[in-house]
Amino acid sequence: MLKGILHFAHYLLEESIDEGEVVIDATCGNGNDTLFLSRVVGKSGHVYAFDIQQQAIQNTKQELEKYHRENVTLIHGSHSLIDDNVQQDVIGGAIFNLGYLPRSDKSIITKPDSTIEAIQKILAKLKKDGLIVIVVYYGHDGGANEKEAVLKHVANLDQKLYNVLQYGFVNQKNNPPFILAIQKR
Ligand SMILES: C[S@@+](CC[C@H](N)C(=O)[O-])C[C@H]1O[C@@H](n2cnc3c(N)ncnc32)[C@H](O)[C@@H]1O
C-alpha cells in the first residue's frame, strides 16, 4: 500500500531514529509531530521543538502534558536559531511542516530564508544515515514561493553527501502536500 503523506513522514523518521537520540521538530504547531518524536526517542532521548507563535507553543505544551511526556524542550523562537538552543553535536533526525498553523492566522507562515538556514544548520549536525523530513504545504499565499526555493535548494545538495527524495501524489487536486526527505550519507 502507498502510505499517505503524514504516515510516510512518520514511517521515515521511525525507521531512522533510535531511542535515546536528540531530535528536532522545527515547526511544532499543534504538537502532533512533537508528541510522535517524544515517543520514538523515549525517556533517554530528547526533542527540541520550535515555533514562532506562542499559541503553537501553548498547544504543544498541552498535548505533551496530556500524555505525560517530559523529554521535550519547547522553544518559542525561529528554527533558524537552532545553534543557540541545541548544544548537542549530533542530531538523530528532524521534521519540518511548512506553512501556517491550522485553524489560526494564515499570514504567519514559514519563510524560505529561515527554512533553508535551519535545514543547513541541522544537516551540519545530522548523524550519518539520519533524515530531515520536510512536509511541504504550499496552497496558501507565499507557499508556492517557499516550495520553489526549498525544492531548488535541496535539489542542489551534493549527491555525494546526501540522498534527496521527493514523495507525493501527482494526481491529487488543490496543491496536495508532498515530502522532501534528505538523508546524510
Ligand atoms: C504547518 S504548521 C506545523 C504543524 C505541526 N507540525 C503539527 O503537528 O500541528 C507550521 C508552523 O510553523 C510555524 N513557523 C513559521 N515560521 C517558523 C520559524 N521560522 N520557526 C519555527 N516555526 C515557524 C508556524 O507558526 C506554524 O505553527
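So, S80: it's in the loop between β3 (72-76) and α4 (82-85). One thing to keep in mind throughout is that this is a predicted model. Is S80 buried or exposed? Its relative accessible area comes out at 11%, and the cut-off for buried is under 20%, so S80 counts as buried. If you leave aside residues up to four places away in sequence, S80 touches S114, E117, A118 and K121. There's also a distance for this region: S80 and Q120 are 40 residues apart in sequence, and their C-alpha atoms are 9.2 Å apart in space.

Now the ligand, which I guess is what you came for. It sits in the largest pocket. How many residues surround it? There are 22, and the closest are N30, D51, Q53, S78 and H79. Let me go through some polar distances. Q53 has an N or O atom in its side chain that is 2.9 Å from an oxygen atom of the ligand. With T27 we're talking backbone: one of its backbone N or O atoms lies 3.1 Å from a nitrogen atom of the ligand. And N97 puts a polar side-chain atom 3.4 Å from a nitrogen atom of the ligand. As for how covered the ligand is, taken alone it exposes 610 Å², and the protein buries 95% of that.

Next up, helix α2, residues 32-41. Why do I call this helix largely enclosed by the rest of the structure? Because 8 of its 10 residues are buried. Just after α2 you get G42, with a positive phi of about 70°.

While we're on phi, a bit of background: most residues other than glycine have a negative phi. With that in mind, look at R103. R103 isn't a glycine, yet it has a positive phi of about 60°. You'll find R103 in the loop between β4 and α5 (112-125). R103 counts as exposed, because its relative accessibility is 78% and the line for exposed is over 50%.

N175 is another one to look at. It has a positive phi of about 50°, and again it is not a glycine. N175 is in the loop between β6 (162-167) and β7 (178-184). At 40% relative accessibility, N175 counts as partly exposed.

Two more stops. H140 is in the loop between β5 (126-136) and α6 (143-155). What does H140 touch, not counting residues up to four places away in sequence? The answer is G99, Y100 and I109. Its relative accessibility is 10%, so H140 counts as buried.

And last, K61, over in helix α3. K61 is partly exposed, with a relative accessible area of 40%. For the pair K61 and K106, the sequence separation is 45 residues, and C-alpha to C-alpha they are 21 Å apart in space.

How values were computed:
Residues numbered from 1 in each chain as written. Predicted model: local features only at pLDDT ≥ 70, side-chain atom pairs only at ≥ 80, totals over all residues. Heavy atoms only, no water. Helix = DSSP H or I, 4+ residues; strand = E, 2+ residues; numbered from the N terminus. Buried < 20%, exposed > 50% of the residue type's maximum accessible area, 1.4 Å probe, protein only. Contact = heavy atoms within 4.5 Å. Near = heavy atom within 4 Å. Polar contact = N/O pair within 3.5 Å; in protein donor to acceptor, adjacent residues only side chain to side chain. Areas by Shrake-Rupley, 256 points an atom, 1.4 Å probe, with all protein chains shown as cover. 1 Å grid on protein atoms, 1.4 Å probe; cavity = no way out; pocket = protein on both sides within 12 Å on 5 of 7 lines; lining within 4 Å. Sits in = over half its atoms within 2 Å of the grid points.
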